[in-house]
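User: I would like to learn how to read this structure feature by feature. Where do we start?

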Amino acid sequence: MTVKIRRCTTYLLLLTALLMATSCSGVRKEMQDALDRNIIGDDYTILHVEDVRDGHLVFLERNTFKDIAAAVIHKSKDKSKTNYGGYLRQDPESEGILYFAGTLGEQTYSVYFGSLLEPPAPHEKIRIELGKRIIRDAAVFQASRSAVWFVFFDERTEHIDINVLRDVGDDPKSSGAHG
């Protein structure tokens with residue numbers, strides 16, 4: 001009896017893992033269908049997908065150039081409604097920052113993203129300071145050659161003075177990166 005229960009549990013776990021993998025690959029396939037390879041100019045790998053109001057923020061890495069791009073895809077997944085925002089080099093010598101803005105449906109948005117020389121420690125937060133007034137926690141994901149942070153705003157937000165802060169408990173330390 002115990003063997004049958006273990007087999008049943010094993011089959012259920014495998015089935016659950018398979019369903020999760022196919023649903024994730026389905027989402028990635030939908031995102032790939034909404035991206036235009038001719039605009040991207042290379043084969044690419046989707047690194048991160050973030051759901052935002054009226055669509056998705058997608059980060060991809062171009063395979064030949066190893067740089068990072070961001071695209072905002074409208075919820076309709078229509079290629080003509082996809083907005084692209086620059087290419088971020090994964091430079092082992094310096095951190096880079098990119099900014100782009102646009103509209104998604106009726107909503108205006110802004111995206112800041114950049115690379116980190118070193119990925120954050122497990123207890124460390126990456127925070128972005130814009131213009132000495134706005135501080136936001138950044139999301140971070142790993143690319144092939146660097147960690148990448150990003151913040152998404154549901155409004156047009158433009159700042160030239162950008163600081164990337166590494167927050168360890170109550171002691172935020174600036175990385176010195178400025179846009």
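Analyst: Start with burial: a residue is buried under 20% relative accessible area, exposed over 50%, and partly exposed in between (1.4 Å probe, protein chains only). By that rule, buried residues make up 38% of the 179 residues in the chain. This is a predicted model, in which local features need pLDDT of at least 70, side-chain atom pairs count only at pLDDT 80 or more, and totals for chains, interfaces and linings use all residues. Residues are numbered from 1 along each chain as its sequence is written, and side-chain values use heavy atoms, with hydrogens and water left out.

User: How many helices and strands are in the chain?

Analyst: Helices (H or I, at least four residues) and strands (E, at least two) are DSSP runs, numbered from the N terminus. The chain has 2 helices and 12 strands. From the N terminus, the order is α-α-β-β-β-β-β-β-β-β-β-β-β-β.

User: In what order do the 4 strands of the open sheet run?

Analyst: Strands of a sheet pair through backbone hydrogen bonds, either parallel or antiparallel. Two strands count as paired if DSSP finds at least two bridges between them. Here the order is β1-β2-β3-β4, with antiparallel pairing. β1 (44-52) and β4 (83-88) are the edges; each has a single partner strand, so one side of each lacks a neighbour in the sheet.

User: How many bridges join β2 to β3?

Analyst: There are 7 between β2 (residues 55-62) and β3 (residues 68-74), which run antiparallel. In this pair, L57 stands opposite V72 of β3.

User: What about charged pairs?

Analyst: Side chains of opposite charge can pair when their charged atoms come close. The rule for a salt bridge is a side-chain nitrogen of Lys or Arg within 4 Å of a carboxyl oxygen of Asp or Glu. The count is 8. Take D54 and K75, whose closest N and O atoms are 3.5 Å apart. D54 sits in the loop between β1 and β2, and K75 in the loop between β3 and β4, so the pair ties together parts 21 residues apart in sequence. D54 is partly exposed at 25%, while K75 is exposed at 51%.

User: Which residues are linked in a network of salt bridges?

Analyst: K125, R127, D137 and D167 are. Within this group, D137 and K125 have their closest N and O atoms 3.7 Å apart. D137 belongs to β8 (residues 134-137) and K125 to β7 (residues 124-130), so the pair ties together parts 12 residues apart in sequence. D137 is partly exposed at 41%, and K125 is partly exposed at 45%.
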